[in-house]
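Subject: Structure for you to look at

Hello,

Here is the structure I said I would pass on. Please open it beside this message and follow along; my notes come after it.

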Amino acid sequence: MIRFENVGMRYGPGPEVLRDVTFQLEPGTFTFLTGPSGAGKSTLLKLMFLAEPPSRGLITLFGTDLATARRSAFPALRRRIGVVFQDFRLLSHLSAFDNVALPLRLAGRKSDDYTRDVEELLNWVGLGDRMNARPPTLSGGEQQRVAIARAVVGQPDLLLADEPTGNVDPEIAQRLIRLFGELNRLGTTVLIATHDRSLIERSRSREMRLVDGRLVELRRG
Amino acid sequence: MSGKKRERGRILPREKGAAPLDVVIGVMAFLAALALGASMLADRQAEGWRQGLAGRLTVQVLQPEHSTRTRNMETETQAAIDILRGTPGILAITPMSDADAAKLIEPWIGADALVKDLPLPRLIDATIAPGARVDFATLEARLKTVAPDSNVDDHTRWIARLQSLADTIIYAAYAILALIAVATAAAVSFATRAGLEAHHDIVALLHQMGAHSGFIARAFEWHYLISTLAASAAGAGFAAVTFLALGGLEFAGVEAVPFLPPLGLNTQELVWLFAVPVVSGLIAWATARLSVLAALREIY
C-alpha cells in the first residue's frame, strides 16, 4: 500500500525535518502516528498525501514509485486518499453538504447519485440539521466533523487524519474513531496522527512514533 | 430532505459587483466595435465608389489649337462618337453639352461670362456593358486618329486611389482589433493570475483532493468567459447605439462629421458588431484556461 525507504525531507536550506524514515503500511491496517509537536508528523502526512515531494528517499504509493511516476498520474492517486487536515480546509463559500460532496464531484459523480449518501453521512456525524450551513457559521467541532465526513465519503483506499479529534468532546471523538474503524473494516487503510493517548490506549492498533524526525516503532498492531 | 434534488454550489465564489476587469473589457470592446464598424463603413464606401465609377469611361476631346474646316471640335467629337458606337462592349454614349461642362466647373470658377471664353473640352460619357472588356489603349489610339487631342479616362486612377484609401482604413481597423485582442488576452491573463492568487486556498485544496487541472481550469474559464461576454456585450452595445445615433442624425439631415461619408450602419452590419463579444469571450476563455494550466504545472 505505502512504502517509505530512507526518506528525508527538508524545507529549503533548513535542517532535515524527517530523517531516514523507513516503514510500510499494509492494506487494511489501522495505525496511529504519535510524537511531540514539531517532530514531523504533519510533514510525514504531507509526503503521504502528495502535497510535497521528498528531499531524498523512495516513496511507493499503491504500487507506484512516485519518483518515476508521471505527474499526470498523481490526480488519480490523490483521489484514492481521504485526508482530514488539522486546519480542516473547508471551502467557506460552500455549504456543509457541498463540502462533503466535493470528492464525489471530483470523481465525476452526478448529484442525483450521491445526495442520499452525503445526507446519510452528515446525519451519522450529527450534522443532519446543519447541512446547508456554511463553515464560518459552524463551531470548531462541527467543522471538524464536516472535514472528516468529506475525507471518508468516497470510501478512500487510504485515510490520513491529522489530529482528527482535537476539537470535539470525548463522546464525539469515540464516535468518529468508530467511523474510522468501520471504514477500516470495509478495507480502507487508516493512519491517524494524534496526541490523544486515551484514543491510542483504547485501541490495540499499531503505533509509530516520530522523535526528532526519526521514526520509532512502538507497537505492532 | 433526503434524496431531494439539490443545487450544486459553485466551485469558485461569485464575485461581488463589477470588477475593474469588466470595465476594462467593456471599454476595449467598445473601441473594438468602433474599429470594426469603421472597417465595414470603409468597405461599403469603397464598394459604392467602385460601382459608381467602374463600368464607365469618359472621352475628352480638346479644342485644336488652330481650328480648320477639317479640324474643329464639332467634327472631331462626332467622329469620336462614331468610333465609340462601333466599339463592341459599349452600351450607351452620352455626349455632354457645353452647358453640362460649364455646370461641372461652376463650383470652382463660378458661372461668369468668363467661363464662356474658356476652351472647355467636349466630354463624352460612355457606359460599358457589365462584364464586357474594352481595350482602352486600342480605343484611345483609334480615337487619336480622328481627334488627335483626345484622351480616354477609364477612372482606374481614381478607383485605385479611393480603394487604397479604403484599404488603409480597413487595415488600420484590423490592426486596432488585433491590438485590442492582445490587450484583452493580457488583461484576462493578469486577472486570472490575480484570481488564482485570491483563491489559492480553493485551488490548492482541489489540487490536493485529486482534481484534474482541467476541472480547476474550467471553474476559472467559465467565470472569465461569462464576465467577459457580459462586459464586452455592453461595450459592443454602446458602439451599436453610437452608430445608430450617427445614422439617425444623418437621416435627420445633420452632417455628423464633416467631409466623412455617412456613418450609419445597416442592420446586418450592426449584427456583425456582436462578433466582438463572442471573440472577446473566446479570447478570455482560452487565456484563462492556459493561465490556470500553466500555474498548476508549477505545483507538485
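What covers the buried residues of helix 4 of chain A? The cover includes helix 3 and helix 5 (140-152) of chain A. Please keep in mind throughout that this is a predicted model.

Helix 4 of chain A

The buried residues of this helix are A:Y114, A:T115, A:V118, A:E119, A:L121 and A:L122. They lie on the same side of helix 4 of chain A, because the arc they cover around the axis is only 165°. An α-helix has 3.6 residues a turn, so residues three or four places apart point the same way. The face turned away from the buried side carries the exposed residues A:D113, A:R116 and A:E120.

The length of helix 4 of chain A can be checked as well. Its 14 residues, at 1.5 Å a residue, should span 20 Å, and the end C-alpha atoms are 19 Å apart, which agrees. Just after this helix, A:G126 has a positive phi of about 80°.

Where the chains meet

Chain A puts 22 residues in contact with 16 residues of chain B. On the chain A side, the elements that give two or more residues are helix 2 (74-78), helix 3 (96-106) and helix 4 (111-124). Helix 3 of chain A gives the largest share, five residues. By type, the residues on this side of chain A are 11 nonpolar, four polar and seven charged.

Is A:R78 buried or exposed? A:R78 counts as buried because it has 21 C-beta neighbours inside 10 Å, and the cut-off for buried is 20 or more. Leaving aside its neighbours within four places in sequence, A:R78 is in contact with A:F49 and A:L50, and across in chain B with B:Q208, B:M209 and B:G210.

The sheet in chain B

Chain B has an open sheet of four strands in the order 2-3-1-4, with antiparallel pairing. Strand 2 (90-95) and strand 4 (150-153) of chain B each have a single partner strand, so one side of each is left without a neighbour in the sheet. On average, neighbouring strands of this sheet are turned by 20° against each other, direction ignored.

Strand 1 (residues 56-61) and strand 3 (residues 122-128) of chain B pair over six bridges. B:V59 stands opposite B:I124 in strand 3 of chain B. Helix 2 (residues 73-85) of chain B packs on the sheet and touches strand 1, strand 2, strand 3 and strand 4 of chain B. The direction of this helix makes about 5° with that of strand 3 of chain B.

Regards

Notes: Residues are numbered from 1 along each chain as its sequence is written. Chains are lettered from A and ligands numbered from 1 in the order in which they are written. This is a predicted model: local features need pLDDT of at least 70, side-chain atom pairs count only at pLDDT 80 or more; totals for chains, interfaces and linings use all residues. Two residues are in contact if their C-beta atoms, placed from the backbone, lie within 7 Å. Ala, Val, Leu, Ile, Met, Phe, Trp, Tyr, Cys and Pro count as nonpolar, Asp, Glu, Lys and Arg as charged, and the others, Gly among them, as polar. A residue is buried if 20 or more other C-beta atoms lie within 10 Å of its own, exposed if 12 or fewer, and partly exposed in between; C-beta atoms are placed from the backbone. The expected span of a helix is 1.5 Å times one less than its number of residues. The arc is that of the directions from the helix axis to the C-beta atoms. Two strands pair if DSSP finds at least two bridges between them. Axes are lines fitted to C-alpha atoms, for helices over the stretch in contact, and angles run from 0 to 180 degrees between N-to-C directions.
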